[in-house]
Amino acid sequence: KYGLNLQEREEFELSTASRGQFYHEALDKIISRVVGENIDLAKLDDQSIKQLVDEAVSAMLDPKNLQYTILTSSQRMNYLTSQLQATIYEMIRVLKKQAEFTPMRPQRTELNFGPAQPKGLKGLNFDLGKQRSLNVRGRIDRIDGMKVADNKRYFGIVDYKSGNRKFSYPEAYSGISMQLLTYLDVLNQNLPDLNPDDAEALLAGVLYMHIYNPIFKATDLSNVSDPAAIAEEDLADHRYNGLLVNDSDLLKNLDQKTTAKNSPVFPIYKTKNGFSSKLSSLIDPEALKAFMKHNEDLIVSAGNQILDGVDTLAPYKTVKNDGMQFTPYKSVMNFDPLLTENNYREIPNLTDEEIIAKLKGEK
């Protein structure tokens, strides 16, 4: 893609990427309006949510906006558009319900970082030596924040995914999945600029949000008759996945409503002695700092290899899959593991605990 400029043939269809782009833009429009007009998510009723969604989608489907022309090209596409709109409506309902449980609120959305981003965030910059440098740029879907007692303000990242993704320690440690830790590193370095007052600015974590409209079977709700309980079941189906910092002030304020052990909003599990490290997606601040440093080392290593002209075919391989499974360019890569010059890059099958121990050793 970046070396030979190879691209898949463009087809006039609604691709997975196009769906994702539609979701991102619609959520950006709605949340930007919510933040800009100081709308309290928790107080929105269904009619207000419908109006917000309808207005955002109508603006996107304007005939002057050629990006989504396909969505009005046929009756079938009109139906698919209604399904996309229903998903956005569902997600705003979920955000409203989440706001009833937590003081965490969206602060910024679709925020660019890197060089030449005057309204964005500073990116990551690395000196590679030999008069070479590396700049990292990208876009963060959403930054949330909340202020708690003791003059502390926590900031966290939410990344939208159309699939049900979970943070994987082995994939992050090996460099297969570097996105969330890179985003968190960018956020950490921009905390002073994001903080509106003299409160102590701290990291809350980074989370995936599954963008979809679930369909419940009758058997799923056979034992649930209360409408409020059904709504909470829907909320739990959209529970965040990712990493939260193991900070007592953060955790006790994140979910202020749930009386059950398991939060329907965040990946945290309460016990009589506090929050369970094994059943919650928690990471100690020092371990997170070491993980972000390790992630930076991976970026620097990749930059050096690119500038040194390393172009060896060496796709990764884990116990579950390999890097050749989902590439559309497999037919032109001529990778054959039977050839001595073609080898997989084996990824060690380490546990989360083993990786944390390695990170602490690296520090």
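This is a predicted model: local features need pLDDT of at least 70, side-chain atom pairs count only at pLDDT 80 or more; totals for chains, interfaces and linings use all residues.
At what angle do helix α5 and helix α8 pack, and how far apart are their axes? Residues are numbered from 1 along each chain as its sequence is written, and side-chain values use heavy atoms, with hydrogens and water left out.

**View 1. Packing of α5 against α8.** Helix α5 (residues 179-194) and helix α8 (residues 285-307) pack at about 110°, their axes lying 9 Å apart. The α5 helix is therefore roughly perpendicular to α8 (angles of 65 to 115 degrees). Axes are lines fitted to C-alpha atoms over the stretch in contact, with angles running from 0 to 180 degrees between N-to-C directions. Helices are DSSP runs (H or I, at least four residues).

**View 2. Residues at the contact of α5 with α8.** From α5, L181, T182, L184, D185, N188 and Q189 meet L288, F291, M292, N295, E296 and I299 of α8 (contact: heavy atoms within 4.5 Å). By class, this contact has six nonpolar, four polar and two charged residues (Ala, Val, Leu, Ile, Met, Phe, Trp, Tyr, Cys and Pro count as nonpolar, Asp, Glu, Lys and Arg as charged, the others, Gly among them, as polar).

**View 3. The bend in α5 at N188.** Helix α5 bends by about 40° at N188, and the proline P192 follows within four residues. The bend is the angle between axes fitted to the seven residues ending there and the seven starting there.

**View 4. Surroundings of E13.** E13 is located in the segment before α1 (16-36). Not counting residues up to four places away in sequence, E13 touches S18 and I70.

Notes: Helices (H or I, at least four residues) and strands (E, at least two) are DSSP runs, numbered from the N terminus. Angles under 35 degrees count as roughly parallel, over 145 as roughly antiparallel, 65 to 115 as roughly perpendicular and the rest as oblique.
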